[in-house]
Amino acid sequence: MNIWFIIIAVMVLSFIVQHMLQSRFNKYSKVGLPSGMSGAEVAQKMLHDHGIYDVKVVPTNGMLTDHFNPQTKTVALSEGVYMSRSVAAAAVAAHECGHAVQHAQAYPWLGLRSRLVPMVNIGSRLGQVVLFIGLALLAAGSGTTVAWIGLALYAATTVFALVTLPVEFDASRRGLELLDR
């Protein structure tokens, strides 16, 4: 199989997924939350409803940079989520708090994902460098093996994403339960 086909296919698929996510967020950012709560208030309520009082909800820079950090025990909500009173903000805040609930309840898939993060970070950084070196060598007439090694290292991030799907689906399920209430 041609390595260029694989690279282009992965890039196109990544773009499509990112575009869909951004479009949905933009659409539901215009829909007000019936309760009138902000993303930060939704997050705080979800944490307290689950008996979690040692996790702080903090603002963070960027757009859709929301995350839960178990080391600092923080739910960081991006500028478009923290103060917003939209359905999109509530959904993102609830999802991120779903991760905090997973952590508090020792959800096994979250533990596995946490153990894989350091390895995947190294693989994704090295993968990009090795892939570009391999592509440069490929353009010069050699480097096929280097390009394939780079692609394999970079593909580890895709495998990581697949392994962590249960974590993301469960966090969303937990968030939706709160929003339904």
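At 56% relative accessibility, Met-83 is exposed (exposed, over 50% relative accessible area; buried, under 20%; partly exposed in between; 1.4 Å probe, protein chains only). Met-83 lies in the loop between H3 and H4; helices (H or I, at least four residues) and strands (E, at least two) are DSSP runs numbered from the N terminus. The C-alpha atoms of Met-83 and Asp-180, which are 97 residues apart along the chain, are separated by 21 Å. The model is predicted, with local features requiring pLDDT of at least 70 and side-chain atom pairs counted only at pLDDT 80 or more, while totals for chains, interfaces and linings use all residues. Residues are numbered from 1 along each chain as its sequence is written, and side-chain values use heavy atoms, with hydrogens and water left out.

Ser-86 is also found in the loop between helix H3 (79-82) and H4, but Ser-86 is buried, with a relative accessible area of 3%. The side chain of Ser-86 makes a polar contact of 3.1 Å with the side chain of Ser-84 (a polar contact is a pair of N or O atoms within 3.5 Å; within protein, one must be able to donate a hydrogen and the other to accept it, and residues adjacent in sequence count only if both atoms are side-chain atoms). A polar atom of the Ser-86 side chain also lies 3.1 Å from the backbone nitrogen of Ala-89. Beyond neighbours within four places in sequence, Ser-86 is in contact (heavy atoms within 4.5 Å) with Tyr-28, Ser-29, Val-31, Gly-32 and Leu-33.

Strand S3 (residues 74-78) is largely enclosed by the rest of the structure, because 5 of its 5 residues are buried. Thr-74, Ala-76 and Ser-78 point one way from S3, and Val-75 and Leu-77 point the other way. In a regular strand, side chains alternate between the two faces of the sheet. S3 pairs with strand S1 (residues 56-60) in the parallel sense over 5 bridges, pairing being assigned where DSSP finds at least two bridges between two strands. Ala-76 in S3 is the bridge partner of Val-58 and also stands opposite His-67. Strand S2 (residues 67-69) runs antiparallel to S3, joined by 3 bridges. S2 and S3 form a hairpin with 4 residues between them, and Lys-73 in the turn has a positive phi of about 50 degrees.

The largest nonpolar core has 24 residues, and those with the most contacts inside it are Val-42, Leu-47, Val-57, Val-75, Leu-77 and Val-81; a nonpolar core is a set of buried Ala, Val, Leu, Ile, Met, Phe, Trp, Tyr and Cys residues joined through side-chain atoms within 4.5 Å. Helix H2 (39-49), S3 and H4 each supply at least two residues of this core, and H4 gives the most, with 9 residues. A second, separate core of 7 residues includes Ile-6, Ile-7, Leu-135 and Leu-151.

Helix H5 (residues 108-139) has 32 residues and should span 46 Å at 1.5 Å a residue, which agrees with the 45 Å between its end C-alpha atoms; the expected span is 1.5 Å times one less than the number of residues. A kink of about 40 degrees lies at Val-117, shortly before Pro-118, the bend being the angle between axes fitted to the seven residues ending at a residue and the seven starting there. Buried residues of H5 include Leu-110, Arg-113, Gly-123 and Leu-135. Their cover includes helices H1 (3-29), H4 (87-104), H6 (144-163) and H7 (165-180).
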